Amino acid sequence: MYQIDGPPKLISVDDFAGKQKRKSRSAPRPIPPGSCTIHENKIVTDRRGTPITIFDGASHALSEINRMKKEDKFPIQVAISSRTDEPSWAYQCMKWLVVSDGTPLEKCLDPNLIEISYSDKSKHFESLNRKTGIAFEDMVFFDNEFWNIQSVSNLGVKCFHTPNGMTHEAWNQALREFGMS
């Protein structure tokens, strides 16, 4: 059984951002929630013009972690563990997208803890463990794909399945389970 002993030391999310579904290509498009960028009145889109947004729960969680760090409450490191065939595009999105407290996404992450490659997520966490010296049991992982959750949880990482992207509910559950709420 998983033993929780205080707050996590490292939090990693697979999907901070995702695509907004468009209802109509001809309708005027207001700026969708979560799509704020470092450039006023500009949004990030994919090649088809579909807006890329930070999931509301991820934006909230990152803003909360930023606040905790400023208040010296918990020394939590934030990582990303993502599998993509477009890593340069992922890095660009991290530079442009902004979380709800106004911080650019890339500034919310430890630059040495960005694991973006097409390898198994357990390999990402083995790398994070080597880089930080943080025990797997002191790590938390949020992912939308259940097979990634299974692979990473076998290492001892506390995992939360978020099939629709990072949510407030998943973040609040993690806070409760680590006695931080």
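Predicted model: local features only at pLDDT ≥ 70, side-chain atom pairs only at ≥ 80, totals over all residues.
1. Residues are numbered from 1 along each chain as its sequence is written, and side-chain values use heavy atoms, with hydrogens and water left out.

2. Overall composition. The secondary structure comes to 6 helices and 8 strands, where helices (H or I, at least four residues) and strands (E, at least two) are DSSP runs numbered from the N terminus. Along the sequence, the elements follow the pattern β-β-β-β-α-β-α-α-β-α-β-α-β-α. Of the 181 residues of the chain, 45% count as buried; buried means under 20% relative accessible area, exposed over 50%, and partly exposed in between (1.4 Å probe, protein chains only). Among contacts in the chain with a separation of 6 or more, 65% are accounted for by residues 24 or more positions apart; contact means heavy atoms within 4.5 Å.

3. An open sheet is formed by 5 strands in the order 6-5-1-7-8, with parallel pairing; two strands pair if DSSP finds at least two bridges between them. Its edge strands are strand 6 and strand 8 (158-161), each of which pairs on one side only. Neighbouring strands of this sheet are turned by 15° against each other on average, direction ignored.

4. Strand 5. Because 5 of the 6 residues of strand 5 (residues 77-82) are buried, this strand is largely enclosed by the rest of the structure. Strand 1 (residues 10-13) pairs with strand 5 in the parallel sense over 4 bridges. In this pairing, Leu10 stands opposite Gln77, and Ser12 stands opposite Ala79. Strand 5 is also joined to strand 6 (residues 114-116) by 3 bridges, and the two run parallel. Here Ile80 stands opposite Ile114.

5. Helices across the sheet. Helix 5 (residues 146-153) lies across strand 7 (139-143) and strand 8, running at about 175° to strand 8. Helix 6 lies across strand 1, strand 7 and strand 8, and its angle to strand 8 is about 155°. Axes are lines fitted to C-alpha atoms, for helices over the stretch in contact, and angles run from 0 to 180 degrees between N-to-C directions.

6. Helix 1 against helix 6. Two packed helices are described by the angle between their axes and the distance between the axes. Helix 1 (residues 56-70) and helix 6 (residues 168-177) pack at an angle of about 40°, with their axes 7 Å apart. Helix 1 is therefore oblique to helix 6; angles under 35 degrees count as roughly parallel, over 145 as roughly antiparallel, 65 to 115 as roughly perpendicular and the rest as oblique. Helix 1 contributes Asp56, Gly57, His60, Ala61, Glu64, Ile65 and Met68 to the contact, and helix 6 contributes His168, Trp171 and Leu175. These residues divide into 5 nonpolar, 3 polar and 2 charged. Ala, Val, Leu, Ile, Met, Phe, Trp, Tyr, Cys and Pro count as nonpolar, Asp, Glu, Lys and Arg as charged, and the others, Gly among them, as polar.

7. Ala170. This residue lies in helix 6. Ala170 counts as buried because its relative accessibility is 7%. Leaving aside its neighbours within four places in sequence, Ala170 is in contact with Phe142, Phe160 and Thr162. Ala170 and Phe142 are 28 residues apart in sequence and 8.0 Å apart in space, C-alpha to C-alpha.
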